[in-house]
Amino acid sequence: MPLTCPDRDKENQKLIMNSDESGLPAPVRPPSAHPSATVDQIRYPGIADLLSRLHFSPEDGHIWLHDQRMLMLHATAMGVLRRELIESLGIEKARGLLTRMGYNSGAHDAELARRFRPDAPLTDMFAVGPQLHMLEGLVAVEPIKLEMDIEKGRYYGEFRWRNASEDEEHVRIYGIGAEPVCWMQIGYACGYTSVFMGKPVLYREIECRAMGNDSCRIIGKPADEWGEEADDDRRFLKAQTFTGGVSSKDRSSEDDARNAAAPFKDDSVVGVSAGFNAVCHMVKRVASTRATVLFLGESGVGKEVFARTLHRISERADGPFIAVNCAAIPESLIEAELFGVERGAYTGATQTRPGRFERADGGTLFLDEIGILSHTAQGKLLRALQEGEIERVGGTQTRHVDVRVIAATNLDLKEESRAGRFREDLYFRLNVFPVFVPPLRNRREDIPILLNHFLRKFAVRHARNVMGFTARAIEAMLAYPFPGNIREMQNMIERGVILAPEGGAIDVGHLFARGEYADSGMLAIGDAGVLSTSAARDQLSVGESGNEALDRISRKVSSLLRGDDGDSAAADTVSLDDIETTLIRSAVERAQGNLSAAARMLGITRPQLAYRLKSKGVRQP
C-alpha cells in the first residue's frame with residue numbers, strides 16, 4: 001500500500017474548496033463512486049471502500065474498522081456519561097476529558113486515511129475523516145471552505161455540522177445555554193487534521209445548536225495562528241498545565257508575562273495521547289510528596305524529561321537536581337561517585353570530594369539505568385534510601401542527607417531480582433511509586449505534536465527556514481516503529497532540518513538518511529511502481545502473477561513433504577513466511593473477506609488472524 005500521496009499535479013499538494021455562487025460548497029468529485037454506498041455524491045466520494053473495511057463478528061463480540069476495534073454505544077448512554085462527568089468533575093474537567101477522547105479517535109482515523117485511499121486525490125483522502133465521522137453516527141459534515149498545503153503547513157477549514165448527537169444529548173439534559181458543547185467532535189477534528197497535516201491544528205466551534213443556532217459551525221487553523229482568542233479552547237487539549245499541549249510554539253510576550261509565574265510551564269514536555277496523559281497525571285499526583293519514584297520504559301521515551309519536570313513542580317524545586325547515568329560510570333568508581341571518597345581511600349584518590357548524594361542534599365537525585373548497579377552499590381543505596389545516611393568510600397563518618405531519589409530503568413527489575421542480578425529488597429524500596437512511560441509507537445497521536453515541536457526547535461537552533469513536512473514524510477513517520485522512541489525522532493528531525501532545502505519541506509530522504517526506514521521492512525516498490533508498506537502486501541515476489549506464486553509454493557511444499565532435495569526444489573526459493581502468507585491470503589479470499597470464517601479454516605482465532613494480517617502487511621478486505 002503506497003505511503004505517499006501521488007504528486008499528479010499541484011492540487012494533490014494544495015487544495016482550495018470554496019462555496020460557489022449558490023452558497024453550496026463546491027463539489028469534491030471522486031474518480032468513481034459506488035452507487036449503492038454513497039453519503040453525498042455532490043461533496044464526497046463513495047464510501048464503498050470504507051464499508052468494505054467494516055466487519056461485524058458477533059460470535060467473537062468484535063466490530064472491526066480495518067485493524068481497529070470499534071464499539072456501538074447508545075447515544076443516551078453517552079449522554080449519561082457526559083452528565084456524570086460534568087456533575088462529578090465539573091464542566092471544565094469534563095470538557096477537557098471528552099475533548100481528548102475525541103482527539104484520540106480522530107488521530108486513529110487519520111492513520112487510516114492514506115491507507116484507505118493511497119492513490120486518491122488529496123481531497124478524497126482527507127474526506128475519509130468526515131465520512132468516518134458520519135459513518136460512526138456522530139454528525140453530518142458539510143464543507144464550507146477548505147484550504148490545505150501540507151508542505152508549507154498551511155491549513156484553513158470551515159465546516160458545518162448537522163444532526164450532531166453530542167449537542168442533542170446535552171440539550172436534552174441541560175437545555176439551551178451560552179457555550180458550544182460539541183467537545184468530543186471538536187477533539188476528533190483536531191486529532192484527525194493534526195495527524196493528517198503533521199502539525200497541530202486547532203478547531204473552534206463558532207456556532208452550536210446548544211446555543212440556539214440552527215446548526216453547528218467550526219473553523220480550524222494551525223494552533224499557532226489563533227493567538228490569544230483561542231487560549232480557552234487550546235487548554236482543553238492539554239493533559240496538565242506543565243505540558244506544551246497542542247502548540248509548542250512560544251507565545252507572545254504578553255502571554256509569557258501572564259504565565260511567567262506558573263510553576264508547571266515546560267515546553268520540553270509535549271503530547272496529547274492517552275498514555276502521555278496518564279504519565280502526566282501520575283507525575284502531578286506524586287510531585288508534592290517525598291516518595292521515591294521509579295520511571296519504567298524503553299530507552300529514549302523521555303524518562304529523564306519527566307524526572308526533571310517532577311523535580312521542578314515539587315517542593316524541592318529550589319534545591320539541586322543531580323542526574324547520574326549509572327551505565328556511564330565504571331563499576332569500580334560507582335560507589336565513589338554516589339557516596340563520595342576520602343583522600344587516600346584508594347590509589348589515585350588524592351583529595352576528598354563529596355558524592356552525588358551530598359551534592360543533591362535538599363534536592364533531587366536522578367539515578368538513570370539503575371538496573372546495572374553492582375550488588376555492593378545496591379546495598380549502600382538501600383541504606384541511603386531507608387536511613388537517609390551515607391558513608392564516603394574510605395571514610396568512617398556517617399553523614400545525613402536529605403535527598404529525594406528518582407530512579408529510571410529500561411530493564412524489568414522484577415525479573416532481574418528473580419534472576420539474582422538485582423537485590424529484591426532494593427527493588428521493593430524503589431518501587432514505591434512506579435510510573436510506566438509508554439513507547440512512542442503506542443502513542444502515535446503525539447507524533448504530529450512532536451514533529452511540530454522539534455521542527456521549530458531545530459529550525460531556530462540551526463537558523464534554517466524549513467516550512468514543514470511533505471505528505472509522504474508525515475505518512476512515513478506515522479508508520480515507522482521508532483525503536484529509539486522520542487530520542488530517535490528528535491535526531492531524525494534535526495537531520496531533516498539540516499538536509500532540507502532552504503524554504504522547502506522535509507521529505508522522507510531527509511529523515512531516513514541512513515536507511516532506517518528501508519531496514520524496517522515497511523517500505524517497498526509495489527507492482528504499480530509506487531511505494532508500498534510491504535512487498536508482501538501486493539505480491540509475493542516481483543514479476544510473477546498470483547497463480548505462478550501459488551504454483552511455486554505448492555511445488556516447494558510438496559518437495560519438502562516428499563523429502564525431495566532435487567534441482568527443482570532448490571530452484572524454488574520459498575520461505576516459511578511466504579507459505580504462511582499464502583495460506584492466510586487464500587483462506588481470506590475463500591471466505592470472501594469474512595475473517596472469522598477464514599480463521600476457522602486455519603484453526604486459529606479471529607484476533608490471531610487479524611494480528612497476522614497486520615504483521616505481514618497483507619491488505620485486509
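Student: How should I read the accessibility of Arg 441: is this residue buried, partly exposed or exposed?

Tutor: Relative accessible area is read in bands, computed with a 1.4 Å probe on protein chains only: buried means under 20%, exposed means over 50%, and partly exposed is what lies in between. Arg 441 is partly exposed, with a relative accessible area of 33%, and Glu 298 is also partly exposed, at 27%. Keep in mind that this is a predicted model, in which local features need pLDDT of at least 70 and side-chain atom pairs count only at pLDDT 80 or more, while totals for chains, interfaces and linings use all residues. Residues are numbered from 1 along each chain as its sequence is written, and side-chain values use heavy atoms, with hydrogens and water left out.

Student: Which residue meets Arg 441 in a salt bridge, and where in the chain do the partners lie?

Tutor: Element names come before the answer: helices (H or I, at least four residues) and strands (E, at least two) are DSSP runs, numbered from the N terminus. A salt bridge is a side-chain nitrogen of Lys or Arg within 4 Å of a carboxyl oxygen of Asp or Glu. Here the side chain of Arg 441 meets that of Glu 298, at 2.4 Å from N to O. Arg 441 sits in the loop between S15 and H17 and Glu 298 in the loop between S9 and H11, so the pair ties together parts that are 143 residues apart in sequence. Elsewhere, salt bridges with shared partners join Glu 342, Glu 358, Arg 392 and Arg 399 into one network.

Student: How many salt bridges does a search of the whole structure find?

Tutor: The search finds 25. Among them is the one between Asp 49 and Arg 117, whose closest N and O atoms are 2.6 Å apart; this pair links distant parts of the chain, with Asp 49 in helix H1 (residues 48-51) and Arg 117, 68 residues away, in the loop between helix H3 (91-116) and helix H4 (122-126). Arg 117 is buried, with a relative accessible area of 5%. Glu 142 and Arg 162 form another, with closest N and O atoms 3.0 Å apart, and this one joins strand S5 (residues 140-149) to strand S6 (residues 154-162). Glu 142 is partly exposed at 21%, as is Arg 162 at 32%.

Student: What does Arg 444 have around its side chain, given that it is buried yet has no salt bridge?

Tutor: For charge, Lys and Arg count as positive and Asp and Glu as negative, whereas His and the chain ends are not counted. The nearest side chain of opposite charge to Arg 444 is Glu 111, 4.8 Å away. The side chain of Arg 444, a residue of the loop between S15 and helix H17 (447-461), reaches the backbone oxygen of Leu 478 at 2.6 Å. With contact taken as heavy atoms within 4.5 Å, and leaving aside neighbours within four places in sequence, the partners of Arg 444 include Glu 111, Met 477 and Tyr 480.

Student: In what order do the strands of the open sheet run?

Tutor: Two strands pair if DSSP finds at least two bridges between them. Five strands form this open sheet, in the order S10-S11-S14-S9-S15 and with parallel pairing; its edges are S10 (321-325) and S15 (433-436), each pairing on one side only, and the twist averages 20 degrees from one strand to the next. Strand S9 (residues 293-296) pairs with S14 (residues 404-409) over four bridges, and with S15 over four bridges as well. Val 293 has Ile 406 as its bridge partner in S14 and stands opposite Phe 433 in S15, while Leu 294 is partnered by Ala 407 in S14.

Student: Which helices lie across these strands, and at what angles?

Tutor: Axes are lines fitted to C-alpha atoms, for helices over the stretch in contact, and angles run from 0 to 180 degrees between N-to-C directions. Helix H10 (residues 274-287) lies across S9, S14 and S15, at about 155 degrees to S15. Helix H11 (residues 303-312) lies across S9, S10, S11 and S14, at about 155 degrees to S9.

Note on methods. A polar contact is a pair of N or O atoms within 3.5 Å; within protein, one must be able to donate a hydrogen and the other to accept it, and residues adjacent in sequence count only if both atoms are side-chain atoms.
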